[in-house]
Amino acid sequence: MQQNLNYVYPQIFWVDGCANTSTSCPPASPVPPFPPPPPPPVPDRRRKPRNNRERRSVGFLVISLLILLALTGVGLSMFQIFHLEKELAELREVRSGWLVTEALGKQQKKKNLKLGLRCSGGNPAQRDLPLEWEPISGHAFTNGVQYRDQGLVINETGLYFVYSNVLFRGSVCSSQVLTHIVYKKNPAMPGSHVLMEDKGINYCTNQKTWARKSYLGALFKLRMMDSLHVNVSKIALVNFEESKTFFGLFKL
């Protein structure tokens, strides 16, 4: 049970031997109270200093964590470097492929320019087939291929892209079939062989003037001395402007 420290003890008086009330007695001196007991000691809650062993354990743990963080940083840096090197290698491969493609394209263009021909327009007064072409003037050019006897003569065996465009136009609408043919001949073989053909029907609907474009183009393996020609169903319906009607090829 806890003692109340603020409790005041009662005063104690000594009784003297003065029994006679008529005579005055000296006053009795009071007895001083007992001093209060001292307060209980307050426990010391401060941490006691650690010993050397605990300090060493904490220091070792801190150093281990620092080493682990350093190793983690080194690992991440190596991963980033490896990733960057991989991306750089891929970029180099893409650039190398692009350079090779560009070089091949330039080489192919040079090769095509050496073996190519484009004939434009023709003779509006022509009456016989196959169509005649203009191999020199305007947009026409010849490189390594000859234009002879209304056709293109192949000087070197290989793979060629052959194309032909013909514009038909008229002032009267009819049900006539429009035919556009590209064929080849060879002195070593009799007759002719059709390479491409286009037929047009229902190209006008009761109109006074009409126009229809026919385009043919494909790859063919041609031999030396092959000659290519163009035929149409009716020469009178052909528009001989060089931008509307043309014929050519180039070697791949």
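1. Aromatic pairs. The structure holds 4 aromatic pairs. Rings of Phe, Tyr and Trp (its six-membered ring) pair if their centres lie within 6.5 Å; planes under 30 degrees apart count as stacked, over 60 as edge-to-face and the rest as tilted. The W133 and F247 rings have their centres 5.5 Å apart, with planes at 40°, so this pair is tilted. W133 sits in the loop between β1 (116-120) and β2 (141-143), and F247 in strand β11 (residues 246-251), so the pair ties together parts that are 114 residues apart in sequence. Helices (H or I, at least four residues) and strands (E, at least two) are DSSP runs, numbered from the N terminus.

2. Basis of the model. This is a predicted model: local features need pLDDT of at least 70, side-chain atom pairs count only at pLDDT 80 or more, and totals for chains, interfaces and linings use all residues. Residues are numbered from 1 along each chain as its sequence is written, and side-chain values use heavy atoms, with hydrogens and water left out.

3. W133 has 6% relative accessibility and counts as buried. F247 is also buried, at 0%. Buried means under 20% relative accessible area, exposed over 50%, and partly exposed in between (1.4 Å probe, protein chains only).

4. Aromatic cluster. Which residues form one aromatic cluster? They are F161, Y163, F246 and F250.

5. Overall make-up. The chain has 1 helix and 11 strands. From the N terminus on, the order is α-β-β-β-β-β-β-β-β-β-β-β. Of its 252 residues, 26% count as buried. The accessible surface of the chain comes to about 19000 Å², and 61% of that belongs to carbon and sulfur atoms. These areas come from the Shrake-Rupley method with a 1.4 Å probe; for residues, only the protein chains shown count as cover. Take contacts between residues at least 6 apart in sequence: 72% join residues at least 24 apart. Contact means heavy atoms within 4.5 Å.

6. N165. This residue lies in strand β5 (residues 158-170). N165 is buried, with a relative accessible area of 6%. A polar atom of its side chain lies 2.6 Å from the backbone oxygen of K244. Leaving aside neighbours within four places in sequence, N165 is in contact with H180, K213, S214, Y215, K244, T245 and F246. F246 also belongs to the aromatic cluster. The C-alpha atoms of N165 and S243 are separated by 9.3 Å, and the two residues are 78 residues apart along the chain.

7. S227. Strand β9 (residues 227-232) contains S227. Is S227 buried or exposed? It is buried, with a relative accessible area of 11%. Its side chain makes a polar contact with the side chain of H229, at 3.1 Å. A polar contact is a pair of N or O atoms within 3.5 Å; within protein, one must be able to donate a hydrogen and the other to accept it, and residues adjacent in sequence count only if both atoms are side-chain atoms. Beyond neighbours within four places in sequence, S227 is in contact with L152, V153, Y183, K184 and K185.

8. A211. Look for A211 in strand β8 (residues 210-222). A211 counts as exposed, at 51% relative accessibility. Not counting residues up to four places away in sequence, A211 touches L167, F168 and R169.

9. Nonpolar surface patch. V58, V62, L66 and L69 form a nonpolar patch on the surface, with about 380 Å² of accessible area together. Patches are made of residues with over 30% relative accessible area and no salt bridge: like charges are joined within 9 Å, nonpolar side chains (Val, Leu, Ile, Met, Phe, Trp, Tyr) within 5 Å. A salt bridge is a side-chain nitrogen of Lys or Arg within 4 Å of a carboxyl oxygen of Asp or Glu. L66 is found in helix α1 (residues 52-114). At 54% relative accessibility, L66 is exposed.

10. Positive phi. Most residues other than glycine have a negative phi. D149 has a positive phi of about 55° although it is not a glycine. D149 is in the loop between β3 (146-148) and β4 (151-153), and is exposed, with a relative accessible area of 61%. M225 also has a positive phi, near 80°. M225 is in the loop between β8 and β9, and is partly exposed at 37%.
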